[in-house]
Amino acid sequence: MNYSRNVLIVILVGMSLIASFLAWRNITSPTDFADLRIVLTTTTTAFGSLLGIITAGLMFTHGKFSELASELGEKSPDYLSGDLSLERVQTIGNNLLALRKTFSLLETQTAVEEERNLYRRVVEKTSLMYVNLAVLSDLKLIQQGLVQTDLMISAMDPQLYVDYREERSRVKKEWQILATAKRIVDTWEGSRTLLLEKGEKRTSLHRDLRESISLLGLKERLDKNSNVRTETGIIYNQLSENLDKIGKQLRQDRIHQLLSQMENANTIRGKYFYLALAFIATPLFINLLILPQLSAGTASFFQPIISITSSLSVIGIAFLLVYINRILKV
Amino acid sequence: MKKTVEEQMTALLTKYTYPPVEVVIPILQKAGRGDEELASQIREIDMSVLSGTMKILNLKEKNMRTVSKMFGVILSSYGQKYEPVELSETRFCLSISDCPMLHVGKNVDNAVKSRFCDVLCSSTAKAMAQLVLGKEGSCSWDKALIKGGRKCTVAFELVKTK
């Protein structure tokens, strides 16, 4: 896939260069009125054809997006009544809050920067997961017609509440429930392999906690007066059991792939919408402004503009190739 | 449903996790003690990982071939690339291109990294010799990675008894 993408980029750059060269030649060489009229008509036709293909592609992408959205929308009620039951959501929430409290305290107690960073990562990730969990809990209560409770919100500090409001305002569609659940699981699991991570890659909460527990074990040997490790270990096991179940179900239902396909389709839909606009605007500009004014007398004045629009149509073909390549990946 | 070897290894390595060396070294440096405690913790973790690996792979023979198999499976499970260099009845040698010590901060002196490298590797060697071979074994390594090299050679061999 990378190879074909590289080929397309080379084609795109090559065509742009050729088009620019041709445009430059047209500007510098004398061209008569009849030739310019033919160039304009051909350019307009090319733009029209490309617009047709882009519109068809956009419709296809939008159709694919809606199809995926409805597939995910159909699955979300099952999740909310099963794997994301209220009891489980509340247990996970309590565990996350307990971890957040413990590691915030540990963070303030250490003077070693590396250790502080490890604990800070745990605090950040537990906060992020808690916020997403609170959003899920809220959506669940709304969807099942249950009475709203402030149980999860009341446990938030002001910053956490601001993050919650922001996250909650982003979730509007039913399928986004599963995207929220995936974000929780992704924060927990991170990479599925136990690779030795290089540089500043994002680690998973799962890994940060395991390492913290091991580190607390070492500190216990040194200080012999701490019981944080045992308590954290118990919470870690409970969290692991609950989140692993959710993660397993999400993978079984291919939610990760479906969401990634949706994200792809959404990006293409957004990005190429503007391309379609450009392909609508340029022929209009030619037909309404240039063509009526074009005569033997104004030919030399309009020549550079015509050269640019004709080279744009060539560049458009290259864009179209990239577009088709992206659509085929959705 | 029966778990695959890969899944069982992942679960085993998840259960027994090393403390992160990039965090441990600055802590122990600051405390000015703790090498022995770290060594004993590493040995306990290694004993659990090695005995678990033997069970998972159903390895019963107590020889250097078993040692090489165990090293291979454990390193692969960590996503670590390695190359066996030598295997005989008394010696197993392998080359690795990554080690946890490489992820320790640049502000930590190479001599300190080297000292902790000794602590970690000799603990693993002791555990391996005791559990897999039931004999005394030693481990030597050229520490090329922390000196800026691209690969490090680790040799594990049986101690010759007179």
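Modeller: A polar atom of the A:Ser212 side chain lies 2.6 Å from the backbone oxygen of A:Asp208. That is a polar contact: a pair of N or O atoms within 3.5 Å; within protein, one must be able to donate a hydrogen and the other to accept it, and residues adjacent in sequence count only if both atoms are side-chain atoms. This is a predicted model, where local features need pLDDT of at least 70 and side-chain atom pairs count only at pLDDT 80 or more, while totals for chains, interfaces and linings use all residues. Residues are numbered from 1 along each chain as its sequence is written, chains are lettered from A in the order in which they are written, and side-chain values use heavy atoms, with hydrogens and water left out.

A:Ser212 sits in helix α8 of chain A. Helices here are DSSP runs (H or I, at least four residues), numbered from the N terminus. A:Ser212 counts as buried because its relative accessibility is 0%. The cut-off for buried is under 20% relative accessible area (1.4 Å probe, protein chains only). Leaving aside neighbours within four places in sequence, A:Ser212 is in contact (heavy atoms within 4.5 Å) with A:Phe103, A:Leu118, A:Tyr119 and A:Val122.

Now the interface. Chain A puts 21 residues in contact with 29 residues of chain B. Together the two chains bury about 2,200 Å², 66% of it on carbon and sulfur atoms. Buried area is the accessible area (1.4 Å probe) that two parts lose on being put together, summed over both. Two salt bridges are counted between the chains. A salt bridge puts a side-chain nitrogen of Lys or Arg within 4 Å of a carboxyl oxygen of Asp or Glu. One such bridge joins B:Arg33 and A:Asp223, at 3.8 Å from N to O. On the side of chain A that touches chain B, α4 (113-143) and α8 (205-223) of chain A each supply at least two residues. Helix α8(A) gives the largest share, ten residues.

The largest nonpolar core has 109 residues, and B:Leu38, B:Val67, B:Met101 and B:Phe156 touch the most other members. Such a core is a set of buried Ala, Val, Leu, Ile, Met, Phe, Trp, Tyr and Cys residues joined through side-chain atoms within 4.5 Å. Its largest share, twelve residues, comes from α4(A). Apart from this core lies another, of eleven residues, among them A:Leu51 and A:Tyr272.

Key. Buried means under 20% relative accessible area, exposed over 50%, partly exposed in between (1.4 Å probe, protein chains only).
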